[in-house]
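Me: Could you take a close look at one part of this model for me? I'd like the place where two of the chains meet, with the cut-offs spelled out.

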Amino acid sequence: MTTSAIADRLTRTGILLALMLFAIVPLLSMLTTALAAPGSTPQGLSWPSDPHWHNFVDAWSAANFLALFRSSTLIVIGVVPATVAMATAAGYALAQLTVPFGNAIYGLLLVGLTLPVEALITPLYYNLRAMGLLGTRLAIVLPLIGLLMPFGVFWMRAHFLGAEPALTEAAKVDGANNWQTFRRIHLPLATSAWSALSVLFFLATWNQYLLPLVLVDDPAKRTVAGGLGAFQGQYGTDIVLLCAGSLLIILPSLVIFLIFQRNFVKALLQGAVK
Amino acid sequence: MPTISSPPELRQASPMTDPTSTSAATQPAGPHRYARRARHWSALLWVAPAFATYAAFVLYPMFQSVQYSFYHWDGIGPATPAGLDNWKAIFTQPELLHSVAHAFVLIIFYTVLPVGLGLVAAALIRELRPGPFNTTARVMLFIPQVLPLVAAGIAWTWMYSSDGLVNQVLRAVGLDQHTRAWLGDFTFALPAVGVIGVWVMLGFCTVLLLAGIGKIDPSLYEAARIDGAGRISEFLAVTLPGLRRELVVCTTFTMIAALASFDIIQISTQGGPGYQTMVPGVQIYRLTFLQQHVGQASALAVFLAALVLVVIWPIQRLGREK
Amino acid sequence: MRSLTQYRGTVRLAAVAAAGALLVAGCAPGGSADAGPEPSKPATTGVGSEPVTLKLLVTSGVDVPFFTALGKLFHAKYGNVTVKVESQDYAALTTNIAHILAGSNVPDLVRVPQFGNLIKDHLLTNLDPYAKAYGWDKWPQSQFATTRVGPDGKQRGTGSLYGAGPGFGLTGIYYNKTLAQRIGMTRPPATVAEFEQLLAKAKDAGMQPIMINGKDGGSVYPLQNLVMSYADDAQAVQDWTYAKPGARIDDPATVKAATTLQRWGHAGYLPADVNDIDQTRAPAAFVKGTGVFFPSGNWQAPGLDKAGAGRFGFFLFPPGEAGGPSYAMTASSSLAIPAKSTNAAAAAAFLDFVQTDPQARQDTVTLGGLVPAGPSDAPAPTAPAGSAVAATVSAFQALLKSNGLVGFMADATASIHVNSLVPQTQLLLAGKTSPEAYAAKVQSDYERDLGR
């Protein structure tokens, strides 16, 4: 390699490394702060001479970590399977069956893709209050299902548009009705699509902040992100505890991502640009 | 949430995707017609649960927002009609107008910069051999997308504080006179918040564009090289057009995030100092709960929704031209 | 979707039609129209014998250890009552208070800095029956002025009682005794002009004259003090704070006060990053020696005494003219009982306890730094001589006699502080708004909040 090629290679690797560093540095800065002496104000990024690992233990109880985690899991269990199921059925119907007013229905769903959740938060608050659901996890689960539905239908419909018509024909010849065709043939073929969708919905639910903030006051009944917000409100001035608690709270998502990262990223890209 | 893009082009001929074909055209005449129609209406059952939840928790509240915007209401007592007052206020009250302006400024940071840097990063990663460094680069860049925005806000608020990393770095390179409380500074607060947006969006754009580059036919690059194209013209002639769809998705997604931003600003600056970082999302929240002006909040909310559509529309059109 | 445009047409039509239908139907949102005071519920004294958990919701910061200690005292007296203290930061609590009280997870006692629409919307319990049952109506009544709200649900200072608390805050200026000596301060300044001279001397000596928290509204307090000093009279401010009809704040005294504060900012008397300092950082910096003067309140006194006993003094904000009246802001650290609470009786017993029990009153002074009021014959708590706490207590007594206690401007409406005073003062200190515009904006936001 010529010197200019080497220099070129170095610059390019350098730029990439700089971007990677940019991505990771805020987390590093939180880590070093989380290990500093409790109640102190460390200076920027500096590994403490005496790392206080027990800060994480303190943060665990202060943040009521187990309750937060459990609450978020319950909400995910409430949201993801239901939304994926309904979206898959609707997506299949809109793609493969002739649905009366199908165009209008799909068009209305598409509008929801661009609606900012802030536009809905005020009426949702009063509606849920009238239903007596404010402060319960259902208050987060139900609107979230509605909010995630447009994307789910869009995603599954896009997948089912690519369904092989020959398979459907063959099934019809065998005397199967729509439901059987769907369940035995097309649904199994869609596994990668709806599992990818589940991953995306998991992320969206887990990281949901505004809905829990407004609709549920008890941090132990919110999502992880909602609980983190409350944690910051209470301990914001104790930077050491705040960083320890924040890291604890984001650790599960981080770990899950790192374990499944190949599938994660593949999932995200799979249908995004079909 | 990721949003609209184009369906596969290959299905153009299918009656299912061609909305101009009506069901009547595909119906056979004769004795089977009744059975067909019955099957049609049952198809609604497939869509009903999805549409019902959507209508109940998205469409209906949206209409309610429109309704509320024409009243003065504190959310608990009775409401009094307000005519167009709340709507006029959006254009006459400086705080409201400025928050919309700030949202547009954020588009530079949430969209323009991440797309630009993402192209660079994607191009760079593309040239790497498959292996641990390749995977690590992708994974690291994508991590900010996985975290809740609240965590991003907390991490960066700490970095921007007087004792935080940013000032530490400035002092280390001898630029002491430039240190400041970034999020409390009237000039730099909004760009500082914007940088948080760059951090969050960069990985998403990189990975998306990377996948897109992977789909470009290598023979196009060959042809360009044969024609004697340099790096830049190759990029402009082959890569960019090939990335059209990915760019549309990336731009749409990030623009919506910019206009509708709430989490990051609420955690880091709450709209301050003064009103420098106030954005419509936070403004709506405040108007509803702190100031109890539900009508005004709803007007701003509907305005925001309309604004998003207006901004996204040209991008979608652009992406569709062939 | 190449066919997006076709969908768009259908959707637009449907949306317009539906919206139109709804509007034409004219169904207005909202509840019933009965404003007015909460009908009184019968009051019982005592806590009964059932195990009760009293939930307190207070603001993060010095409130938490203080009320926790009071809770422990209460539990020591009534073993069946456990007091649980939760907190949210001031801005979050002010924003969320209305829907917390209207929700399902309602505390039994809540710190309510501003009443806003809470009375009008029937979210708080009327305490008049308890005042009668416990005999609070026989105490000096001026202590209850700030938590009385009139029949219209808005005007304060008269009407039914909605809050009571362990003690009263008091604003003034702390000074670092060593640094003050260095600039030649022998006694507290007698006028605002004299105070400004001291600030100039401190600046020339290379010290930080004033330490203050501008991020969360600490800088609004000296502004209010300046307004009252320049007006030589606090009635206009008091009327404005109590939402008296026709009250205005955009007057020459306010403009002069804003001009002065802005001048202090430009001259470097306030910290350069004042808008980024919050109420935890400000005292921490002051204790470390940054800042000769620290305008704040008596709630900071215990912390200052703990960090350096005898090192810090306290004086009231000087008047405009020599020999003129001194004013200070006060607010009851009051708790209110939400209307939806199920433990109202126990909550009221707690309120009576903190105002009358000698140990609780002592803790109020030493832990909370607040001045207890209560019955006129209650034992006066003691504080170590020369401490900041002792200085604040005696200042309070003096002002009680001279009628120099005024409510906080920040409490005038539910959102005036977070939404107007804090950002506007930040703009003022950064030179981004003029004093005239400042006064006008605060007045117009005030009128909008009160629906005038």
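Reply: Here's a walk through the interface of chain A and chain B. First the ground rules: this is a predicted model, where local features need pLDDT of at least 70, side-chain atom pairs count only at pLDDT 80 or more, and totals for chains, interfaces and linings use all residues. Residues are numbered from 1 along each chain as its sequence is written, chains are lettered from A and ligands numbered from 1 in the order in which they are written, and side-chain values use heavy atoms, with hydrogens and water left out.

On chain A, 103 residues are in contact (heavy atoms within 4.5 Å) with 103 residues of chain B. Together the two chains bury about 9200 Å², with 76% of that on carbon and sulfur atoms; buried area here is the accessible area (1.4 Å probe) that two parts lose on being put together, summed over both.

As for charges, the count between chain A and chain B is 1 salt bridge, meaning a side-chain nitrogen of Lys or Arg within 4 Å of a carboxyl oxygen of Asp or Glu. A:Arg12 and B:Glu127 make a salt bridge through their side chains, at 2.2 Å from N to O. Helix H1 of chain A (residues 3-34) gives the most to the side of chain A that touches chain B, namely 18 residues; helices are DSSP runs of H or I, at least four residues, numbered from the N terminus. By class, that side of chain A has 75 nonpolar residues, 22 polar and 6 charged, where Ala, Val, Leu, Ile, Met, Phe, Trp, Tyr, Cys and Pro count as nonpolar, Asp, Glu, Lys and Arg as charged, and the others, Gly among them, as polar.

Terms used. Helix = DSSP H or I, 4+ residues; strand = E, 2+ residues; numbered from the N terminus.
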